[in-house]
Amino acid sequence: MRINGKGLIDRSKPVPFVFDGISYSGFEGDTLASALLANEQRLMGRSFKYHRPRGVLTAGSEEPNALMTVGSGPTQEPNVRATMQEIYPGLEARSQNRWPSLNFDLLSLNDLAAPFLGAGFYYKTFMWPKSFWEKVYEPAIRRAAGLGALSGRDNTDKYESAYAFCDLLVIGAGPAGLMAALTAGRAGADVILADESNRMGGRLLAETYEIDGKPGNVWADEVLAELKSMDNVRLMTRTTVAGAYDQGTFAAVERVLHHTERRPNGAPLETYWRIVAKRSVLAAGALERPVAFRDNDRPGIMTAGAVRAYLNRWGVSAGRNVTIFGNTDDIHRTARDLLDAGVHVAAVIDSRHDAPLSKDYQVLRGAQVCGSSGRKGLESITVRRPSGEERIHTDCLAMTGGWNPSVHLTCHMNGRPTWRRDIEAFVPTPGSVPGMSIAGACNGSFSTSACLREGIAAAGEALEGLGLTAPDIALPVAEDASYEITQLWAVPGKGRAWLDFQNDVTVKDVKQAATENFRSVEHMKRYTTQGMATDQGKNSNVAALAILADATGRGIPETGTTTFRPPYSPIAIGAYGAGAEGEGFKPQRFTTSHKASVARNAPMIEAGLWYRPSYFPKTGETTWRESCDREVKQVRDAVGVCDVSTLGKIDIQGPDAGKFLDFVYTNMFSTLKVGRVRYGLMLREDGYVMDDGTTARLGENHYLMTTTTAAAGEVMKHLEFVHQGLCPDLDVSFTSVTEQWAQFAVAGPKSRELLSGLLDQTLDDESWPFMACGQVEVLGVKGRLFRISFSGEHAYEIAVPARYGASLFDILIERAEALGGGLYGMEALNVLRIEKGFITHAEIHGRTTAYDIGMGRMVSQKKDCIGKTMSERPGLEEAGRERLVGLKPIGESRQLLAGAHLYNEEAEPVRTSDQGYITSVCYSPTLETMIGLAFLADGPDREGEVVKMVDHLRGVTTLCEVVNPVFFDPEGGRVRG
Amino acid sequence: MRITCPHCGERDRREFYYRGAAVDLERPAPDAGEEAWDNFVYLRDNPAGVTRDLWYHEGGCGAWIVVTRDTVTHEVLKTELASEAKS
C-alpha cells in the first residue's frame, strides 16, 4: 500500500513493469520488491526445498526469498533479488521454483512430507542402490529443489573488467561512510566511495533521523553534493565491494545497466573492478536478524528495518494492520514511524520484561510471537504471554532479533570476528585487514551519532597512515539512542521455526545436527546446509550458531563462526570472466603466411598460440595422407617451402654471449665461428632435456638462438633466470625477436636453384656450406640466410623482416611450383623429421636425458653447464634405461601407434614386462612403410631384435624390428650435397 | 596481491610468474657433492612464516625478483633484484 507524502520516489514518473505476466505500475526510484509491495503483491517466491509460499523478508542485498528471473532469451538472468532490482519501463520479471504457477505450486506437496525431509534426509535415504545416485536420485532431487535457471544459450551481455587506484576506499555510504569520505576528501586524499545501492545514504534513506536539524536524507544529499564537487573523490553507486585481498586489493562489481532496458552497443552490463587502495574504511553497516518462531516465513512477515525502509524510502506500507515483535528499542522506532504515516499498529510484542511502554500503541512486555497463520500470506499471529496465548489479526509482522554488523570483508583475509556480549553480536577484530579502519554499525556502533563520529575517526586514522592532515570537522548533531538488546534467537515450541529461509533450514534441523554429533559449526553447516544458499546465511548464521551453542552447552564465542569468503554477494560468472572469454582467454597468433595458407585450403592446427598449416590439399586429393605423401615426395625429389616463423627466436648480444651460451647449452658455442650455426641441447638443472634448437653466430658478440615453438616462452624465462640469478656478472642481454622475422624453410635438392636470383649473392658449397649463416639481401631487402635442415635434405631457412613475409612467401611458392615442388605443412614436416630420426617434444617430454636420446656425447666434458652435474648421476646412465630407437613393422600387422607400449616378443604384455613405448609414428612414403620412434630398454644395443608393440586401448598388436632411428640417408650425404 | 618490482614499482601479482624458493640462486659448485646438489635441486622448506621466493616480471621489465614474504599473513616484507640478491 502506497502512503501519500512518504518516500524518496519520483511520483511524477510512473514506471510500468510486468511480473508473472501481469502489468503493474511503480515509480522511478522503486525496486521490484517495493513496487510489488505497493501493489499488495506479497507472494514473491517459493522456497527451495518445501516450496512454501514466501514474500520479501528484507530490503537489501541479503534478501533470501524474493528471487526472480528477469528478462528472457540469451540475456535471461535468474535469482535476481527483487530488493536490488530497480524497475524500469519494460522490465519483465518472473517468479521461480514453482509449477505451474506461483499461486498454485504442485511441488508444495513437499511441504506435507516435511517431517521426513529434515537434516540429513538425503544422506540417509538415497543410499541404495549406488547405481541410482547419479541417474535417478540426483536428477529428481535437482528438479524438485532449486532456484531459477539460465537460458542455456550463449549470453550476449557484455561484461567488463577495470582497475582503479586510490588513497582511500570507503565501503558503504551510510552516515559513517559519508562522514569518512567527507573528512578524507577535504584533506585532499584520492577517495573512492562505493555503495551497493543506486542511491547513497544507507540507513539515512530508510529512517526518519535528523542530522543537524535536517532530515537524514537531505543531509546525505548535501554531503554528496560536496563530495561530487571534489576532483579527488569518486562516487561509485550500484557497486558492491565483494572481496578484500592482499596488499589493499579489493574486488568490486558495478551493476552498470541492470536498471535500464537500454543496452547501448559496447556498454557493459556489469563491470568487475579491481580497486587498489592504500587505506580503506569499512562502513558496511549491519544486517537485521529475524527471530525464529513457528511459521515465521509467511509472506507479510519481514524484518522491522525492512518495514521502515519500505515506508520511509519507498513510501510503501508493508501492511494495513501491522504488528511488531522484537527485543531491542528499535521496534518502538518502527511503531512510531508507522503511526506517523497513518498506518494502524495492532500491537508491539517486546520480549523484554522491562520494555518501555507507550501511550500511542499497545506494548505487550515479556511476550513472544509463537506462531502465525494465513494460507499465502500472513493473517494472524499467536502471542504467548505468562497469562496464556492470544491470537492477533495482522497482515504484516515487523520482527527484529537485533542487528549483525557486516563483518564479512574483515574476515576475507583469515580474520575471525570477536563476540560482543553487550550487543549479542560479532564485531570485526581490529587489524584483520591491514590498512582497514572500521566505522559505524559494522563496528557494532548503532546510533547515528556514533556512526558519524566513527566515520570521522576512521578517516583520521587513514589520513594519518597516508601522511595527510585531517581537517577540523565538526561532529554533526544526531540521535544517540540506546540499543538495549536481550537475547532472543528462537521462540520455543512445536512446529517448524525457520532460520535459513533460502535453504529451508529450521531450528529443529540444527538441533538434530547437534544430536547426531555434528557439533562443530562447520559440520553443522554442511549437514543442514545452513548458510550455504546464495545469501550465505547473512540473515541466519548467527542465530543458527547460537542455537548450536545452546544445544551443545557451549558459549557462542567458543562455538565460533563459519568462514566468511568472498564474494560478499553473488557475482555473475560473466563478470569474473570479463575479458577472458574466447580470444581473451586464448589469444591467436598468426604468421605472415596465414592468409595465403588459408586461401590454399590448408586446415590450420594449433601450435601453442600459433596456427600452422596441417597440409595443402590439391584438387583430387581426398585424404590428408595423399596430400602429406605428395608434399614429402616433393621435398625429397624437388623442393618444398614451409613457414617456420613460429619457432622461438632469441637475439643474444654482448661480449660474454659465447660464455653464457656455453653455460646454458650442453655443448660449446664460444668456439663457434662467426657465420656458422650449431645444434644445441639445453638441460634443466635436474639433468633432463629441456629444449633443443640451432643457434647461429651472426657476429663476434651476436648470436641468434632458435627454440622450439612450444618452449619459446619457457626458454626466454630460463635464459633470463640463468643470467640474472646465476651469472649476473656476464655482460650479455636477450630480446625475443620471434615476431620480428618471417622465416621460411626451403628444403630439397632444388632448394639452391629456387633461391638463386633471389639473393644478392650466389650460393655454392664453398661460400654457403652446410650450417653456414649470414646476412643476405633478398630482392633488395636485408635478410638472413641459414643453411640448416630439419628434413635431411639440402635446405635453407631464409628470414626477412616480418612486414615482407607475406610477399616473400608468394614468391617462394611460385618458384617452388615452377621447379615441381610446392608448399608443405606440419604433417609432411613431421614425416620428414621422423624419417631422419630428429626429435621433437614428443621425445624430449621432460623425462628423457641426453643419454636417452642418443646425445650423451653432446654434454661437453670441458666445461660446466646447467644440468650437467645432475645428468651424471649413476641412475641416469645405467643399463636398462629406455633409449631412443627406430621401429619398423614386420609381420602381419603393419600398424604403429604412438603411445603404445613395447614388450619382448614372447612376453605377456603386462606392466611388469614393459620394455618401453612409442613416441612418434608416421607412414613414410619414402620407405613405403610405417615407421616409429620409440624409447626401448637398452634400445641402441638391440638393433635387429624383434619386439612386440601392444596398444591396449585400441587393441592393436604389431611385431616390430628395432632399427637405427635415422631411417633415411644415415650418412647425411643429401644435406651436404 | 601486489609486488613491488625494483624497476617498475608496485604491480598486480598477475604481471609476475612464480618460480619457487630463492634457493635456486645458491647453485653449488659442480664438485660440491651429492648432498649439496640434492638439496639444491629437490629439497625445499615449507615454512609457515617468512619465506624468500623468486618471481619473474614477465608482464613487465623481465626482471627476476627475490620476494621476502610471510606465508601466514601474506605480508610482503622486501623485494630485490635477483641479480643483486645473490648471496
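This is a predicted model: local features need pLDDT of at least 70, side-chain atom pairs count only at pLDDT 80 or more; totals for chains, interfaces and linings use all residues.
**Exercise 1.** Find where A:Ala898 lies in chain A, and decide whether A:Ala898 is buried, partly exposed or exposed.

Solution. Start with the chain: A:Ala898 sits in the loop that runs between β44 (882-890) and β45 (901-904) of chain A. Finally, look for partners beyond four places away in sequence: A:Ala898 touches A:Ile918, A:Thr919, A:Ser920 and A:Val921. For A:Ser920, the separation from A:Ala898 is 22 residues in sequence but 5.4 Å in space, C-alpha to C-alpha.

**Exercise 2.** Describe how helices α7 and α8 of chain A pack.

Solution. Take the angle and the distance: α7 (residues 304-314) and α8 (residues 330-340) of chain A pack at about 30°, and their axes are 10 Å apart. Angles under 35 degrees count as roughly parallel, so α7(A) and α8(A) are roughly parallel to each other. Their crossing is left-handed. Then list the residues: α7(A) contributes A:Ala304, A:Val307, A:Arg308, A:Leu311 and A:Asn312, while α8(A) contributes A:Asp330, A:Ile331, A:Thr334, A:Asp337 and A:Leu338. By class, this contact has five nonpolar, two polar and three charged residues.

**Exercise 3.** Characterise the side of chain A that touches chain B.

Solution. Count first: 18 residues of chain A are in contact with 19 residues of chain B. On the chain A side, α18 (712-726) and α22 (868-871) are the elements giving two or more residues. Of these, α18(A) gives the most, with six residues. Sorted by class, the chain A side has six nonpolar, five polar and seven charged residues.

Definitions and conventions: Residues are numbered from 1 along each chain as its sequence is written. Chains are lettered from A and ligands numbered from 1 in the order in which they are written. Helices (H or I, at least four residues) and strands (E, at least two) are DSSP runs, numbered from the N terminus. Two residues are in contact if their C-beta atoms, placed from the backbone, lie within 7 Å. Ala, Val, Leu, Ile, Met, Phe, Trp, Tyr, Cys and Pro count as nonpolar, Asp, Glu, Lys and Arg as charged, and the others, Gly among them, as polar. Axes are lines fitted to C-alpha atoms, for helices over the stretch in contact, and angles run from 0 to 180 degrees between N-to-C directions. Angles under 35 degrees count as roughly parallel, over 145 as roughly antiparallel, 65 to 115 as roughly perpendicular and the rest as oblique. A crossing is left-handed if the near helix is turned anticlockwise from the far one by less than a right angle, and right-handed if clockwise.
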